[in-house]
Amino acid sequence: MKKLIATTRDAIKDWILQPWVKALLDVESIAAIEKNQLQLEEHVIYKTQSIEGLGNQFNVFDSNDKDVQGVCNLVDQRLPQNENFVLTAIKVFEGQTADGTAPQAVTYDRTLRSQIGSALVNSKVSIMEGSNVIFEQELMEVLCSSTDESLEKYYQLIEPRLLRSNRKIGVTIEVAEGQTITAGAAGQSDYMRFELIGYRTKIR
């Protein structure tokens, strides 16, 4: 496995200060760096959705998304103005509940022992910022090495990726050949929770 970059707050701050990364930020954030006013906060971007009829290739976020607690925290696939996001890891969970239960009430299996966790091994996740693909990586290459299924697992990026302020974030999952994501038994609803883990920038 390739060596993973450190994802501590200080390490990410140093990464942002690299000239090529800094040049991608919005004008207000660059000015905040010069004044030592740009802060990093741990943050999770997430979306919860039914897996009914998803198929083997699907988009996680869409332009109809609204900021609804427990369902999604993006509006129109965009970060707020002057807020950037440094992506360091991806988590995907499956939850099951009786039909008619609100997505906010679903309890998720966070160990990836479930069907959707197995189906996504070796699948491809493309994360696009604007029209540019900034991450396309076989997930198995960065899967946690632990074989203890009682531990929460996640996919660690080898290097951080910058998602920029007020630009659409598109996430496409292409399930590996031979794998399928299928809904559960009758009377039961299956949900997927997709999380982007990292740090957001805030101007103080």
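Modeller: This is a predicted model, and its largest pocket holds about 180 Å³ of space.

Biologist: What makes Arg 9 and Leu 40 part of the lining of the largest pocket?

Modeller: A lining residue has an atom within 4 Å of a pocket point.

Biologist: Why is Glu 195 called buried?

Modeller: Buried means under 20% relative accessible area. Glu 195 has 5% relative accessibility, so Glu 195 counts as buried. This residue is found in strand β9 (residues 188-203).

Biologist: How do you know that the side chains of Glu 195 and Arg 193 make a polar contact?

Modeller: The cut-off for such a pair of N or O atoms is 3.5 Å. The contact between these two side chains is at 2.6 Å, so the distance is within the cut-off.

Biologist: Where in the chain is confidence lowest, and where highest?

Modeller: Strand β6 (residues 132-138) is lowest, at a mean pLDDT of 46, and helix α3 (residues 27-34) is highest, at 92. Over residues 131-147 pLDDT stays under 50, although the model has 44 contacts beyond four places in sequence for them. Where pLDDT is low, predicted coordinates should not be read in detail. The chain has a mean of 76, with 68% of its residues reaching 70 or more.

Conventions: Residues numbered from 1 in each chain as written. Predicted model: local features only at pLDDT ≥ 70, side-chain atom pairs only at ≥ 80, totals over all residues. Heavy atoms only, no water. 1 Å grid on protein atoms, 1.4 Å probe; cavity = no way out; pocket = protein on both sides within 12 Å on 5 of 7 lines; lining within 4 Å. Points joined across faces, edges and corners; volume = space filled by probe spheres on them. Helix = DSSP H or I, 4+ residues; strand = E, 2+ residues; numbered from the N terminus. Buried < 20%, exposed > 50% of the residue type's maximum accessible area, 1.4 Å probe, protein only. Polar contact = N/O pair within 3.5 Å; in protein donor to acceptor, adjacent residues only side chain to side chain. pLDDT = per-residue confidence, 0-100. Contact = heavy atoms within 4.5 Å.
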